[in-house]
Each structure stands twice: as structure tokens, then as C-alpha cells.
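Hi,

Here is the structure I promised to pass on to you. Have a look at it first, and then read my notes below.

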Amino acid sequence: MTAHRITLQRDGQPPEQFIVQPGQTLLAGAEAVHNRPVPVGCRGGGCGLCRVRILAGDYQRGRMSRAYISIQDEQDGVALACRVLPLTDMDIMLAPLTVPAPAITA
């Protein structure tokens, strides 16, 4: 088995690359980089902090909380990095959870 190169795309910033070893999740590979380019939370698919959008590449996906990854998210390539095992080199971008702003009443 071979390690996979992950390219993290960010708006307005140069792409950043890190390596994920065979059998390692995207998040574990990102944690090995000194600046931790992907936010870290529970590491078990339940908190939503490590949401990423898969732009290219093949992977296996583990179970993720539907509170953070909806069926539509899944169809759009959004996943939790802690539950993604790369099978090839990949391109990803961060996909933070967006919470609607509270309604203002007068």
C-alpha cells in the first residue's frame, strides 16, 4: 500500500499538501502536520468540526452523525475528515458547519 498526497484548497490562500499513510484517516494525516490544517474535535464522527468537501479522489467513508452530515451534504461530497480513508491522492477544502443567524424581531 502507498501513502496518498492530500491537497487542501483554501479561498485566497495557496494550496497546502500533506501525506496520509495507508489505513490513516484524512484527519490523522492532517494532525501529523505541524499546523493542523483541518480542525480537530472528537475524532469519532460526532462533532462536525472536521467537515471537508471532497473535490477529487477516491475514498472510503465511515459512519458520520446526520446532525453534521446530511444526505444532501453526502451527495455534495461533504464528509467528516475523521471518517474518511483515502484510497487515492485527494483534493479537499474545508467545509465548516454553518449555523443560521438568529432571526431579529422588533
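Let me start with a cysteine: at 25% relative accessibility, Cys 47 counts as partly exposed, since buried means under 20% relative accessible area, exposed over 50%, and partly exposed in between, with a 1.4 Å probe and protein chains only. Before going further, please keep in mind that this is a predicted model, in which local features need pLDDT of at least 70 and side-chain atom pairs count only at pLDDT 80 or more, while totals for chains, interfaces and linings use all residues. Residues are numbered from 1 along each chain as its sequence is written, and side-chain values use heavy atoms, with hydrogens and water left out.

Back to the cysteines. The structure holds 0 disulfides, a disulfide being a pair of cysteine sulfur atoms within 2.5 Å. For Cys 47, the closest cysteine sulfur is that of Cys 42, and at 3.8 Å it is too far for a bond. Cys 50 is buried, with a relative accessible area of 2%; its sulfur is 3.7 Å from the closest cysteine sulfur, in Cys 82, which is again too far for a bond.

Next, the sheet. Helices (H or I, at least four residues) and strands (E, at least two) are DSSP runs, numbered from the N terminus. There are 5 strands in an open sheet, ordered β2-β1-β7-β3-β5, with mixed pairing; two strands pair if DSSP finds at least two bridges between them. Because β2 and β5 stand at the edges with a single partner strand each, one side of each is left without a neighbour in the sheet. On average, neighbouring strands of this sheet are turned by 35 degrees against each other, direction ignored (axes are lines fitted to C-alpha atoms, for helices over the stretch in contact, and angles run from 0 to 180 degrees between N-to-C directions). β1 and β2 run antiparallel and are joined by 6 bridges, and Arg 5 has Ile 19 in β2 as its bridge partner.

The largest nonpolar core has 23 residues, and Leu 26 and Ile 92 have the most contacts inside it. Such a core is a set of buried Ala, Val, Leu, Ile, Met, Phe, Trp, Tyr and Cys residues joined through side-chain atoms within 4.5 Å. Two or more residues come from each of β1 (4–10), β2 (13–20), α1 (26–31), β3 (51–56), β5 (78–80) and β7 (90–94). Leaving aside neighbours within four places in sequence, Leu 26 is in contact (heavy atoms within 4.5 Å) with residues including Ile 6, Phe 18, Val 52, Met 90 and Ile 92.

Two charged residues may interest you as well. Arg 43 lies in the loop between α1 and β3 and is partly exposed at 45% relative accessibility. Its phi is near 65 degrees, a positive value in a residue other than glycine. A polar contact of 2.6 Å joins its side chain to that of Glu 31; the term stands for a pair of N or O atoms within 3.5 Å where, within protein, one must be able to donate a hydrogen and the other to accept it, and residues adjacent in sequence count only if both atoms are side-chain atoms.

Asp 73, in helix α2 (residues 71–75), is buried with a relative accessible area of 19%. Its side chain makes a polar contact of 3.1 Å with that of Arg 51.

Best wishes
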